[in-house]
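Thanks for making the time this morning.

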Amino acid sequence: MQIDLTVNGKRTSLDAEPRLLLVHALRDRLGLTGTHVGCDTSSCGACTVLLDGVSVKSCTMFAVQASGHDVTTIEGIGDADELHPMQEAFWTAHGLQCGYCTTGMIVSAVDLLQRNPDPSDDEIRAGLEGNLCRCTGYENIVKAVRAAGKAMRENAPRSSVRDLMSIHPPAEEPPPSGEVIIPPQLQGAST
């Protein structure tokens, strides 16, 4: 089946089996490997992309469902030469951890700030609850989203996110030694 979609601003056509998942079309057919396959059940959010500007889990969506729509992957958010304020804030605030979840977190956070340009910390956590960081590093992710939101509201030049972070540096509050932080999504999931 022939599908037509716009990916990161470029129109493209694919011959896709009806059962081809969007994440596999992006990664395997279009070479956009920034979108990750994590849990394959839409729980972790590593596969998050924007569909017509709204975040969706591409591991539970067929590529044919994206036909006629605009898809934005992490590669369309920004690149190494011109980072999006959210990317720069994740870098500056050390929100990257191992990096596997980062692309989905950034895409979801961009969607969140489009809907709510000045979210509270609780609203940031609620907005990202569909994304899991298995490194349990949520505090710096929240700080990154807050800093990116401030930079975007002030329409600051992209390089100024670092300046914003240095004015309000992230607090150094590592968890007590040996303490394991369990994300709310995983609490009660063991045993």
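**Confidence, fold and salt bridges**

The mean pLDDT of the chain is 86, and 81% of the residues score at least 70. Please keep in mind throughout that this is a predicted model. The stretch to treat with caution is residues 167-171, where pLDDT stays under 50 and where the model has five contacts beyond four places in sequence.

Let me turn to the overall layout. The chain contains seven helices and five strands, and, read from the N terminus, the elements follow the order β-β-α-β-β-β-α-α-α-α-α-α. Of its 191 residues, 42% count as buried, while the accessible surface comes to about 10,100 Å², with 51% of that belonging to carbon and sulfur atoms. If we take the contacts between residues at least 6 apart in sequence, 59% of them join residues at least 24 apart.

Now to the charged pairs. Side chains of opposite charge can pair when their charged atoms come close. How many salt bridges does the structure hold? There are five, and I will go through some of them in turn.

In one of them, Arg153 pairs with Asp118, with the closest N and O atoms 3.3 Å apart. Arg153 lies in helix H6, residues 138-153, whereas Asp118 sits in the loop between helix H4 (102-115) and helix H5 (121-127), so this pair ties together parts that are 35 residues apart in sequence. Is Asp118 buried or exposed? Asp118 counts as exposed, at 51% relative accessibility, and Arg153 is partly exposed, at 41%.

Another salt bridge joins Arg146 to Asp121, where the closest N and O atoms are 3.0 Å apart. Since Arg146 belongs to helix H6 and Asp121 to helix H5, the pair ties together parts that are 25 residues apart in sequence. Both ends are partly exposed, with a relative accessibility of 39% for Arg146 and 27% for Asp121.

Then there is the salt bridge between the side chains of Arg125 and Glu139, at 2.7 Å from N to O. Here Arg125 is in helix H5 and Glu139 in helix H6, so the parts tied together are 14 residues apart in sequence. Arg125 is partly exposed, with a relative accessible area of 34%, and Glu139 likewise counts as partly exposed, at 45%.

Note on methods. Residues numbered from 1 in each chain as written. Predicted model: local features only at pLDDT ≥ 70, side-chain atom pairs only at ≥ 80, totals over all residues. Heavy atoms only, no water. Helix = DSSP H or I, 4+ residues; strand = E, 2+ residues; numbered from the N terminus. Buried < 20%, exposed > 50% of the residue type's maximum accessible area, 1.4 Å probe, protein only. Contact = heavy atoms within 4.5 Å. Areas by Shrake-Rupley, 256 points an atom, 1.4 Å probe, with all protein chains shown as cover. pLDDT = per-residue confidence, 0-100. Salt bridge = Lys/Arg side-chain N within 4 Å of Asp/Glu carboxyl O.
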